Amino acid sequence: MNAMGAAPFVADLVISGGTVVSGEASIAADVAIAGEHIVAVGRPEAMPPARERLEARGLLVLPGAIDVHVHFREPGYTHKEDWATGSAAAAMGGVTTVFEMPNTNPPTRSAAELAEKRALAAKSSVDFGLYGLLAEDNLDELEGLIAAGANAFKCFMGNTFGDLPAPSTGAMLEGFEIIARTGLRISLHAEEATIMARRQARLAAAGRNDPLDHLLARPAVVAVEAVGRAATLAEWTGARIHILHISSAAELRPLAEAKARGVDVTGETCPCYLLLSREDYGRLGPLIRVNPPVREAYDRDALWHALRSGVIDMIATDHAPHTPEEKARLPIWRADCGFPGVETQMPLMLTEVARGRLTIEQYVRLAAEAPAKAFGLWPTKGRIAPGAHADIAIVDPKRTETIRAADLHSRAKVTPFDGVTVTGVPVHTLVRGRLVQRDRRFVSDSSGWGRPVTEIQRMPTPVLRNADLAIDRLAPRLPLARSAA
Ligand code: NCD
Ligand code: ZN
């Protein structure tokens, strides 16, 4: 008992001797954790007594990565991935929160389907947000999805895995009007559908069937058109939007212009667009097929520039697992699009930090701070500070490892980075105070520890525009017969 009559405070864990990194600075500091939260950051002598100690000398203590673009495939495609395997891959990759996409089977287009997915996600080891779908035929379900706890919305403007049809611009506007009122962010697969469908059909009919023909079917103009159109609707309604998997130099112009006009738009890119280019199609064959496609070296270089200048806000992975057989199919139009990435993002990007292409502080901004802020998780997630969730990736910046597809924790043992040697690896991962990865081993009994982010998510109050013109206000879809009775 101390003078106040209370038992002395004892923390559960102190991470000692490491370097704590934020978006602004790296400082030598210990981190004390009690329960699910960080309770102190500072000098060793300022730490409370603790039940356990984790030695972090020579290591970096980062906020866990927040990956707003993963496909964990459950329900419907569990031969590719499920919530247990996908979240194990995240834990191994230093990713402590994921936002999961609605192109499952069934797709997440109604409150009931969201509830079903949340029940399946209960076996996740990492925290999660769930996307609801915005499509042509589910506008009447959007309010139900919101009430059921959708954390963001996803709109497929162009065809990709799952074959969900792109909504018309008219349906998109109506969806934006409804979702804008909640402040929730709408993430766009921003590739215009009809250009791609026509080009792919003509290329295939002309016998163009090689991996590089996938790139020719989806020139960057499809992204330029879609980013511009989505930004126009966001500007008109006040909806918040997020541009997924930015792949080209050309689409940076409409993105930057929308930001300059005051549209609340964020953008992400993914390691494959930063590290691969046209030169890799021959070596990788159909494995490289992804939507949008890996493009030219000058696109890759422009994306690096945009990451440093802030035109692109964050790094996500578009973790898109498919089996090695599904990735090897030819002609190219039969190969499934995408590949796993949630486990390799942090090592690949830390390797670029080691090469001097980004600072470690820039990396923390891109991988943790910016997604936390854009999706309403800040200040509970995305930072190492008292009061925040203890979501932490402890990284050995000097450790080298060779990525092996066979070693991935994803069910899909395939990656375009097979054989690549990385420098900088997350050696422990904590989610809300609990170790989910320790010493490069997945802590298997952490399955089920992950929680929905709904209870901590706070989107700022939206600034609506043209709300009086929203069609559901002018012409509600409610029973019209009643007044006649
Ligand atoms: C993704 C998938 O497989 O679900 N594929 C891809 O090529 N990126 C879907 C997507 O994000 O477009
Ligand atoms: Zn996509």
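Modeller: Let us begin with a convention for residue classes: Ala, Val, Leu, Ile, Met, Phe, Trp, Tyr, Cys and Pro count as nonpolar, Asp, Glu, Lys and Arg as charged, and the others, Gly among them, as polar. Please keep in mind that this is a predicted model.

Biologist: How do the residues of the shell around ligand 1 divide by these classes?

Modeller: The shell around ligand 1 holds four nonpolar, nine polar and two charged residues.

Biologist: Which of the 15 residues around ligand 1 come nearest?

Modeller: Arg-73, Asn-103, Thr-160, Asn-291 and Asp-318 do. For polar contacts, one looks for pairs of N or O atoms within 3.5 Å. The side chain of Arg-73 places an N or O atom 2.7 Å from an oxygen atom of ligand 1, and for the side chain of Thr-160 the corresponding distance to a ligand oxygen is 2.8 Å. Asn-291 takes part through its backbone, with an N or O atom 2.9 Å from an oxygen atom of ligand 1. Ligand 1 has 310 Å² of accessible area on its own, and the protein covers 100% of that area.

Biologist: How should I read an arginine within the protein: is Arg-218 buried or exposed?

Modeller: One compares the relative accessible area with a cut-off, and buried means under 20%. Arg-218 counts as buried because its relative accessibility is 3%. This residue sits in the loop between α6 (211-217) and α7 (221-237), and its side chain is joined to that of Glu-191 by a polar contact of 2.7 Å.

Biologist: Where is Arg-240 placed, and what does its side chain reach at 2.9 Å?

Modeller: Arg-240 belongs to strand β13 (residues 240-243). With 8% relative accessibility, Arg-240 is also classed as buried. Its side chain reaches the backbone oxygen of Gly-183 at 2.9 Å and makes a polar contact of 2.8 Å with the side chain of Asp-264.

Biologist: What is the general idea behind a salt bridge, and how many does the structure hold?

Modeller: Side chains of opposite charge can pair when their charged atoms come close. The structure holds 35 salt bridges. One of them links Arg-438 and Glu-52, with the closest N and O atoms 3.4 Å apart. Arg-438 lies in strand β18 (residues 434-438) and Glu-52 in strand β6 (residues 50-55), so this pair ties together parts that are 386 residues apart in sequence. Arg-438 is partly exposed at 32% relative accessibility, and Glu-52 is partly exposed at 36%.

Biologist: How is the salt bridge between Arg-283 and Asp-280 to be read?

Modeller: The closest N and O atoms of Arg-283 and Asp-280 are 2.9 Å apart. Arg-283 counts as exposed, at 54% relative accessibility, whereas Asp-280 is buried, at 13%.

Biologist: Which residues are linked in a network of salt bridges?

Modeller: The network links Glu-36, Asp-127, Lys-381, Asp-391, Arg-432, Arg-451 and Glu-455.

Biologist: Finally, which residues make the nonpolar surface patch of about 390 Å²?

Modeller: For such a patch, one joins nonpolar side chains within 5 Å, taking residues with over 30% relative accessible area and no salt bridge. Here Trp-236, Leu-469, Ile-471 and Leu-474 make a patch of about 390 Å². Leu-469 is located in the loop between β19 (441-442) and α15 (471-474), and its 42% relative accessibility makes it partly exposed.

Notes. Residues numbered from 1 in each chain as written. Chains lettered and ligands numbered in written order. Predicted model: local features only at pLDDT ≥ 70, side-chain atom pairs only at ≥ 80, totals over all residues. Heavy atoms only, no water. Patch = residues over 30% accessible without salt bridge, like charges linked within 9 Å, V, L, I, M, F, W, Y side chains within 5 Å. Areas by Shrake-Rupley, 256 points an atom, 1.4 Å probe, with all protein chains shown as cover. Salt bridge = Lys/Arg side-chain N within 4 Å of Asp/Glu carboxyl O. Helix = DSSP H or I, 4+ residues; strand = E, 2+ residues; numbered from the N terminus. Buried < 20%, exposed > 50% of the residue type's maximum accessible area, 1.4 Å probe, protein only. Near = heavy atom within 4 Å. Polar contact = N/O pair within 3.5 Å; in protein donor to acceptor, adjacent residues only side chain to side chain.
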